[in-house]
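Start with the view below.

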Amino acid sequence: MDTLALLADGFATSLSPLNLMIVILGVTAGLFIGAMPGLGSVNGVAIVLPLTFIVPPSSAIILLAAIYYGAMYGGAISSILLGIPGASTAVATTFDGRPMAQQGKAGLALIAAAVASFIGGTLSVVLFTLFAVPLADLALAFGPAEEFALVLMAFTTFVGLGGDDVLKTIVMICLGLVLSTVGLDLISGQPRLIFGDLPGFFSGISFLVLAIGVYGIGEILYTLETSRTAPQVTPARITLKELSAGMRAMNRLWKTMSLGSFLGFFVGMLPAAGATPAALMAYGIARSTSKEPHTFGKGNIEGVAAPETANNAASTGSLLPMLTLGIPGSPTTALLLGGMVMWGLMPGPMLFIEQPDFVWGLISSLYTANFAAVAINIALIPLFVWALRMPFTVLCAIVIVLCIVGGFAPSQKMHDVWLIAGFGVAGYLLRKADYPLAPLVLALVLGPLMEKSFRQTLIAEQGNVLAFIERPLSGTFIALAALFFVLPLVKYLRKGGSRSIAPAE
Amino acid sequence: MLVADRVIAIAIMALSAYFMWHATELPIGWNGMTGGPGGGAFPFWLSLVMLLAAGGIFVRSLGEDHGGQSFFDGVMLKSVISVVIALFATIALIPVAGAYIAIPLFMFWYVRIFGRHSWFLTGCLALGTPVFLFFFFEVTLKILLPKGFTEPLFFPLYAMFF
């Protein structure tokens, strides 16, 4: 009941004219960013973050969350109309969305994607509302030892569940953590890792510089090779008849959509998993539980609905640990967390006590964002069809200029702009060599918290390392972290074992 | 692909060693006084882990066969390199000639020469971008972009908007 009252107060904030306008603006921008092949929610948030200084901090976060949401809806548009996923999160949508478009049912597929996104987004925001308070209450009991153990666990999920090369994942986590220590030592205040005695390094390396470099410049360089030729846009027209046919078709898919929402929400909470695997899993489950699995991949509307509910639910799911525990569930939420810290809003349980207006304003804005996104998405489909014809070189030039100026604006130092260019080139090369970038960004954002909580614990416990294991909550997290860490080893040994048994049979 | 993998692994190992060398400026061991690791410990030992993991990647690549897949595609590499050079040139030009010369020049190069678009589109973007940047950053956010030697030209504009 308390939650409902708080949520009602939140709506008073989020329905204010300024915030409502911001939600509509953010969702529309997000839809366009998501629809552009190569740019997804994380790129959009990284590039737009420096521009959000124009509104007050709490509205800026609402704007970024709306962009995140809009981009999740928008990803499906290019998956269906171009056959190229607008973002990696919309890969599963191409499986059935593209065949539907080729059969002349592009409009129906777009409606299905928008409605499914709405269902996934709304069901997961309800789950979010229910889980937020209990989780924040639990997190109130956390001390530095628990914080350290939780961050450690977040990183080990990349090793155990990330699916990328284990050694390369470890390299990226360590690189992010080491880069986060550049600047002044937080306990003694002495400078460290000041490369070349450059004054710019004294204030450390901002998460924004790394994110703009890797997700802005790096992404453009990476997409240069894939989008040289303009892809064929499938025409799509939306009529009222199609809209009602789409609604009727979606009405039969409640089981698939609710399953996708729950799955997406819980998978999305894990830092290493997130929207892409959630969408693929939901697609797989929908196909295996379907009465006609052979129609999947040939233009089954259920194959569009399942991944779209899951990826939107996952984006909400990844916000939950970010807001309640201060541990982001995805690279995009890592940027949101970095932005909040920059504006003096420290995510975590205390935020629910100290800034309830902001927290519930944000949560309620997720409800309004969903309504705005589904309406704008369907209404503006002709505009998206037109926008997708925009030459890639024009988009690239605009993004690069925004990266340069956006990198300069927060600190007003050319040093940061040079770093952005350097990180962009390095990020592009690392990505080509299959190094995962998400753990790098997460490590840079969480690095200061991890080091601070580690050293605080040891100082408080007079150097007793066992303190991390002796406390029940932190001990549990450490045990889980150890489990995630040895998981790839177990998988490797079992694979090796089964291979050695095979010849004997 | 394999060669690039090895080169990147070696580069990361060198970078880790450089980080470790820098980290030793602060105590990297246990600090008996405060009961906890010193200021250099966190970067030092993490760099060591990074060095070992990159070493593992390098050693592993020695045992693999050459896939025959090249890391770079010739045509694509040329466009990536030209964009990177244009980017670095633009950033280098900003403190000297100012953002309002460097950025339109970059736009012109990218849209007209690299993208081969029409003069009309090029003109709109090359002239529209600085106007947008001026009103968004300088007028609304009060963030002054670097202007280099063009600074005096902006005095009348400052007088008008501030």
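Axes here are lines fitted to C-alpha atoms, for helices over the stretch in contact, and angles run from 0 to 180 degrees between N-to-C directions. The model is predicted.

**Confidence**

The model scores ipTM 0.92 and pTM 0.88. Chain A has a mean pLDDT of 87, with 97% of its residues at 70 or more. Chain B also averages 87. There, 93% of the residues score at least 70.

In chain A, helix 19 (residues 414–432) has the highest mean, 94. Helix 22 (residues 472–501) of chain A has the lowest, 77. Residues 497–505 of chain A stay under 50 in pLDDT. For this stretch the model has zero contacts beyond four places in sequence. In chain B, helix 4 (residues 99–114) has the highest mean pLDDT among the elements, 93. Strand 1 (residues 30–31) of chain B has the lowest, 70.

**Helix pairs in chain A**

Two packed helices are described by the angle between their axes and the distance between the axes.

| Helix pair | Axis distance | Angle |
|---|---|---|
| Helix 3 (residues 41–48) and helix 4 (residues 57–81) of chain A | within 9 Å | roughly 150° |
| Helix 5 (residues 91–102) and helix 6 of chain A | within 7 Å | roughly 150° |
| Helix 6 (residues 106–139) and helix 13 (residues 302–325) of chain A | 7 Å | about 25° |

Take helix 3 and helix 4 of chain A. Their axes cross at roughly 150°. These two helices are therefore roughly antiparallel to each other. Their crossing is right-handed. Helix 3 of chain A makes the contact with A:Ser41, A:Gly44, A:Val45 and A:Val48. Helix 4 of chain A brings A:Leu64, A:Ile67, A:Tyr68, A:Ala71 and A:Met72. By class, this contact of helix 3 with helix 4 of chain A has seven nonpolar, two polar and no charged residues.

Helix 5 and helix 6 of chain A also form a right-handed crossing. Helix 5 of chain A contributes A:Thr93, A:Gly97, A:Met100 and A:Ala101 to the contact. From helix 6 of chain A come A:Ala106, A:Leu108, A:Ala109 and A:Ala113. The classes are six nonpolar, two polar and no charged residues.

Helix 6 of chain A also packs with helix 13 of chain A, at an angle of about 25°. That makes helix 6 of chain A roughly parallel to helix 13 of chain A. Helix 6 of chain A passes helix 13 of chain A in a right-handed crossing. Their contact has 21 nonpolar, nine polar and one charged residues.

Definitions and conventions:
Residues are numbered from 1 along each chain as its sequence is written. Chains are lettered from A and ligands numbered from 1 in the order in which they are written. This is a predicted model: local features need pLDDT of at least 70, side-chain atom pairs count only at pLDDT 80 or more; totals for chains, interfaces and linings use all residues. Helices (H or I, at least four residues) and strands (E, at least two) are DSSP runs, numbered from the N terminus. Angles under 35 degrees count as roughly parallel, over 145 as roughly antiparallel, 65 to 115 as roughly perpendicular and the rest as oblique. A crossing is left-handed if the near helix is turned anticlockwise from the far one by less than a right angle, and right-handed if clockwise. Two residues are in contact if their C-beta atoms, placed from the backbone, lie within 7 Å. Ala, Val, Leu, Ile, Met, Phe, Trp, Tyr, Cys and Pro count as nonpolar, Asp, Glu, Lys and Arg as charged, and the others, Gly among them, as polar. pLDDT is the predictor's confidence in each residue, from 0 to 100.
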